[in-house]
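My notes follow in the order in which I checked each point.

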Amino acid sequence: MRLEEFSPADRELVMPQVGGQLVYHCLGCGTDHGIAELLYTCPQCGAVLLIEDRGFARLKARPGAAWRRAFDLRRMLNLPALSGILRYHELIAPVVPLDSVVYLGEGHTPLVEACPRLKGTLGLDFCFKNDGQNPSASFKDRGMAVALSYINYLIKHQGVGQILSVCASTGDTSASAALYGAYLAPGVASAVLLPRGKVTPQQLSQPLGAGASVFEIPGVFDDCMKVVEHLADHYQVALLNSKNAWRIRGQESYSFEVAQDLDYDLAGQALVVPIGNAGNVSAVMAGFLQLLELGIISELPKLIGVQSHHADPVFRYYQEPDPAKRAWRPVTVQASVAQAAMIGNPVSMPRVIELARRYEQAAGQARFFVVQVSEQQIMDAMILANRHGHIVCTQGGESLAGLSRAKELGIVNSGEHAILDATAHHLKFVGFQQMYFEDSFPPEFGVKPRRELVNLPQEVLALAADQMPAPGKPLAGEAFQRFVEATAREIARRLGLEPRS
Ligand SMILES: *Cc1c(COP(=O)(O)O)cnc(C)c1O
Ligand SMILES: [Zn+2]
């Protein structure tokens, strides 16, 4: 629908007002800092930041029902700036005018009900949210769309000159940063740092294709992150890791979409998300808290974070039930198929601690859980999901394995419905599938294929044919006919096909 086709009252709801008093709020010393300058850590104490709206109270003047109507009406409006995650403009980036919004088709990824046979296997009711259907094929586009929209606003309206963006990445952050950066060239140029050999070939191809400067660094992600932090502290660059609080704001859209797709009724729902650098899980909590405070939803869903036993610092932290006794200890990661989450010292841990506290306080009961799964369970789950028509990556497999584990532990039960974050597209991680099928995992992963899940291509050498075609050397005439018949006979034999009568 066009804007002028809405009633005057609805028009007011549909079009967001630019405003708000956004600040960087320090989770260490509690200071607020203005957003005019790009900050990643508190200039006073060095702790991580969250963006908060000191004008949030103005949003409460509109009742929850009116907010729901506003978001639902925006579904009908054909306007690119509000077609992506900035459908929730007021809750994400109210200071950004619509002419600065960068929209590459991100967000509004589908909730796909799990195949009934798969639900039967788990004894649970659940769906996948296919975040691999974002433009760079992972959820990272949510945060990047907002970070780059804000940068675009600074360039267009605040006279900021060329920006060089940098990020460290387990693969998907760099793919996304490079894609959005390329859209804004020459105003933005991108550099990405990757741990050598620790991103998939598909992920490596993405920033290369988008024209970013790609640097391969020895070590693991945590090492790259330290180099990027040093760059951001000492040189004129814009940091696009999830340390950048704008990324968290954008990723909150995941919660807004889940709420909207469930008609804002979250009773009996449990969300399952893999945890790496812990930006996503922080954003999911922050998002639902905003919705609750505005009366858009009336209860908070359960939230279950999942980690591999090879990279599980957040799980270990929450193993201690008494908050006063919990102690934060980074871990040294081991090889993980959930490579995008293979992080031993998550940058957003202070955000998790603070938001989980607020989340449980608002819910008045235990609502945030972290479970641990094995590498074997992750691989089995990824392939099992694919076998049932789903497109989950290894991290999506981690969500599925985590749901099984949560059921074992009694965190979810068969009366509830779960929403599994399928964080990236299956095709980015097919190398792990290949290793599984060929039983060629290096021993440090500890993964062995389950026979019934293995699938390999079968070569058909039509031995009954005397000649075979080759590239550039086609067969013709009777030789070709003999080849076609012999090959078809061999395939029919292997498939056990009945002849037509
Ligand atoms: C980044 C990423 C994760 C981990 O998310 P965090 O916000 O770092 O916890 C999980 N899965 C995929 C596919 C990712 O790209
Ligand atoms: Zn501080």
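**Ligand 1 contacts**

I began with Lys140, where a polar side-chain atom lies 2.6 Å from an oxygen atom of ligand 1; the model I am reading is a predicted one. I then turned to Asp172, which also places a polar side-chain atom 2.6 Å from an oxygen atom of ligand 1. For Ala278 I noted that the backbone supplies the polar atom, and that this atom is 2.8 Å from an oxygen atom of ligand 1. Taken alone, ligand 1 exposes 390 Å², and I recorded that the protein buries 97% of that area.

I next listed the surroundings and found 13 residues around ligand 1, with Lys140, Asp172, Asn277, Ala278 and Asn280 as the closest. Looking up the location, I noted that ligand 1 sits in the largest cavity.

**Zinc site**

Which atoms coordinate the zinc ion (ligand 2)? I found the SG atoms of Cys26, Cys29, Cys42 and Cys45, at 2.3 Å. Along the chain, I read the spacing of these donors as C-x2-C-x12-C-x2-C. I assigned the arrangement around the zinc ion (ligand 2) as tetrahedral because the 4 donor atoms subtend angles of 95 to 115°, and the criterion asks for all angles between 85 and 135 degrees.

Terms used: Residues are numbered from 1 along each chain as its sequence is written. Chains are lettered from A and ligands numbered from 1 in the order in which they are written. This is a predicted model: local features need pLDDT of at least 70, side-chain atom pairs count only at pLDDT 80 or more; totals for chains, interfaces and linings use all residues. Side-chain values use heavy atoms; hydrogens and water are left out. Donors are N, O and S atoms within 2.8 Å of the metal (3.2 Å for Na, K and Ca); water is not among the atoms, so sites may look incomplete. Four donors count as tetrahedral if all angles lie between 85 and 135 degrees; four count as square planar and six as octahedral if opposite donors are over 155 degrees apart and all others between 65 and 115; anything else is irregular. A residue is near a molecule or strand if one of its heavy atoms lies within 4 Å of it. A polar contact is a pair of N or O atoms within 3.5 Å; within protein, one must be able to donate a hydrogen and the other to accept it, and residues adjacent in sequence count only if both atoms are side-chain atoms. Accessible areas come from the Shrake-Rupley method with a 1.4 Å probe; for residues, only the protein chains shown count as cover. On a 1 Å grid over the protein atoms alone, a cavity is a set of points where a 1.4 Å probe fits but cannot get out, and a pocket is an open set with protein on both sides within 12 Å along at least five of seven lines; lining residues have an atom within 4 Å of a point. A molecule sits in a cavity or pocket if more than half of its atoms lie within 2 Å of its grid points.
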